[in-house]
Amino acid sequence: MTVKQLSRTLLYLVLALAALFFVAPLYVMLVTSLKDAEQIRQGNLLSLPTSINLESWGMAWSGACTGVDCRGLQPYFWNSVRMAVPAVLLSTAWGAVNGYVLSHWKFRGSELLFGLLLFGVFMPFQVVLLPMSQVLGALGLSSSIVGLVIVHCLAGVAGTTLFFRNYYTAIPKELISAARLDGAGFWRIFWRIVLPLSTPILMVTLIWQFTNIWNDFLFGVSFSGADSKPVTVGLNNMANTSSSVKSYNVDMAAAVIAALPTMLVYVLAGQYFVKGLTAGAVKG
Amino acid sequence: MALTLEKALPKLVVAPAFILGFAFIYGLMLWNGVLSMTASRMLPNYEQFVGLEQYQRLFQMERWWVALQNLGIFSVLYVGVSLMVGLLLAIFLDQKIRGEGVLRTLYLYPMALSFIVTGTAWKWILNPGLGLEKLCHDLGWESFAFDWLVQPDMAIYCVVIAGVWQSAGFAMALFLAGLRGIDDSIIHAAQIDGATLPQIYRRIILPILRPVVFSTVLVLAHLSIKSFDLVMALTAGGPGYATDVPATFMFVMSFTRGQIGLGAASATMMLATVAAIVVPYLYSELRTRPHDR
């Protein structure tokens with residue numbers, strides 16, 4: 001074997017080992033969820049189930065207990081859907097119009113204001129938890145899904161505005177000014193020219209926001225009540241519940257269920273997800 | 001009249017974002033600062049102003065120091081290891097690899113998961129009884145012992161492992177994007193001059209990647225300061241409070257211990273830490289970036 005062949009082999013070996021490291025936990029989750037308690041005790045992390053056992057999936061979805069509540073993950077899953085759908089759509093639409101103004105209708109001070117808004121992308125949200133719970137209380141929205149939607153829109157608008165502003169900056173100024181000369185107004189230009197060019201950034205932002213909001217735990221655990229807990233909080237409570245017997249198979253099935261929507265988005269639209277990830281960090 | 005409305009329209013459209021956004025970011029930040037200077041316990045209590053007393057209390061608490069120490073360990077290892085693994089994988093993936101797309105997808109999918117899912121999965125993998133330990137025993141390594149998750153001194157490293165697992169692919173994606181942006185002709189020129197591949201990477205490519213390294217560190221560092229979900233799901237701050245980080249400390253004080261003033265003070269400290277890292281970056285980004293390209 002030549003040196004070149006050897007180094008190529010090594011290269012592939014390292015890459016394959018890394019792939020194993022990243023895939024292993026998903027594999028472990030899936031095989032564990034298919035075992036029963038006896039098989040979990042007999043086997044090990046990597047051993048295949050001796051018989052396929054879907055019982056834990058049913059338990060995780062609609063029968064597992066957290067304390068005295070034995071409804072499984074199902075109610076929390078639907079809470080997350082009812083929270084994420086409006087919050088994703090609203091924060092994305094809001095970011096789109098903001099980005100449009102901040103790229104093609106700049107005014108004195110708009111850059112500075114935008115810079116100040118950007119801190120919202122990075123700030124630790126711990127700092128808003130206590131005041132925000134008071135604001136939600138004063139609005140009568142404590143422990144409600146509407147309250148969570150509002151918080152997610154406010155927390156997300158800095159990021160969505162950034163995405164759209166950076167994207168719209170690349171639309172040639174001449175295109176906009178030509179339309180203005182033809183007498184098109186603010187909204188007409190937005191609907192007829194800018195929005196039709198926005199499909200890629202719309203996809204990126206929708207996916208980015210959906211991933212963030214679906215996966216959120218901090219706001220969910222701080223602001224939700226018994227009837228509005230999102231799926232991340234439901235999963236965490238279920239997995240950390242101090243019952244006498246630990247049912248890891250049910251926990252793993254629940255974890256996969258909670259991960260399924262964002263995984264699905266990643267598989268179907270991974271390229272947009274990656275763009276969203278890199279857009280925040282590598283600019284220009 | 002119609003003309004003035006048309007002129008003011010852009011400002012009107014963007015006004016809610018600035019008014020509500022600033023109220024949310026800076027208004028609540030200030031409010032939190034005020035809370036941190038009161039003696040609030042179970043409920044906010046604005047009558048009893050105590051100045052910086054809560055901060056004094058905070059820094060006299062052993063638990064807070066444990067949280068800070070854990071944050072130090074976690075940040076350094078999480079950022080450092082993610083960075084190195086990410087860079088290595090990106091460089092390797094950039095060597096015209098067959099199946100690159102599949103590998104990239106596999107490296108990056110953890111980033112689509114919730115930290116709660118990651119924490120739940122790793123809690124099972126790392127559990128002392130039936131997890132990794134049992135696996136190694138079954139594979140014939142009888143003396144293997146792995147109980148970090150329940151060791152107060154070692155549990156924080158479990159958080160690091162799970163965190164790196166989730167984020168290394170993210171670093172890889174950023175570096176790969178950076179590598180793909182490098183002009184091939186520079187590399188060809190260096191090759192013609194007789195430079196070896198390691199030399200080219202060390203002397204030419206890494207320096208070009210410096211801004212990418214910088215922003216990756218920034219993003220990972222601020223994520224590590226904010227990390228909350230992963231710790232909650234994996235160790236819930238335990239055993240005892242051995243794996244507490246500032247974010248879990250803040251949550252426990254504010255929402256379960258009835259120490260709102262103290263919780264607010266710890267949140268302010270987190271804010272100050274993030275701001276110290278991010279503000280210079282934002283400032284330079286906005287200053288050096290030409291507005292009209």
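How many Å separate the centres of domain 1 of chain A and domain 2 of chain A, taken over C-alpha atoms?

## Model and domains

The centres lie 37 Å apart. Domain 1 of chain A covers 3-53, and domain 2 covers 74-234 + 260-281; such bounds come from an automatic or database domain assignment.

This is a predicted model, in which local features need pLDDT of at least 70, side-chain atom pairs count only at pLDDT 80 or more, and totals for chains, interfaces and linings use all residues. Residues are numbered from 1 along each chain as its sequence is written, while chains are lettered from A and ligands numbered from 1 in the order in which they are written.

## Confidence

The model has an ipTM of 0.91 and a pTM of 0.91. The mean pLDDT (the predictor's confidence in each residue, from 0 to 100) is 88 for chain A, with 96% of the residues at 70 or above. Chain B also averages 88, and 97% of its residues score at least 70.

Helices are DSSP runs of H or I with at least four residues, and strands are runs of E with at least two, numbered from the N terminus. In chain A, mean confidence is lowest in helix α2 (residues 37-42), at 79, and highest in helix α4 (residues 74-104), at 95.

## Interface between the chains

In chain B, 86 residues are in contact with 77 residues of chain A; contact requires C-beta atoms, placed from the backbone, within 7 Å. Helix α1 (residues 2-35) of chain B supplies the largest share of chain B's side, 18 residues. That side divides into 62 nonpolar, 16 polar and eight charged residues. Ala, Val, Leu, Ile, Met, Phe, Trp, Tyr, Cys and Pro count as nonpolar, Asp, Glu, Lys and Arg as charged, and the others, Gly among them, as polar.

## A helix pair across the interface

Residues L15(A), A18(A), A19(A), F22(A) and V23(A) of α1(A) meet L103(B), L106(B) and Y107(B) of α4(B). This contact comprises eight nonpolar residues, no polar and no charged.

Note on methods:
Two residues are in contact if their C-beta atoms, placed from the backbone, lie within 7 Å.
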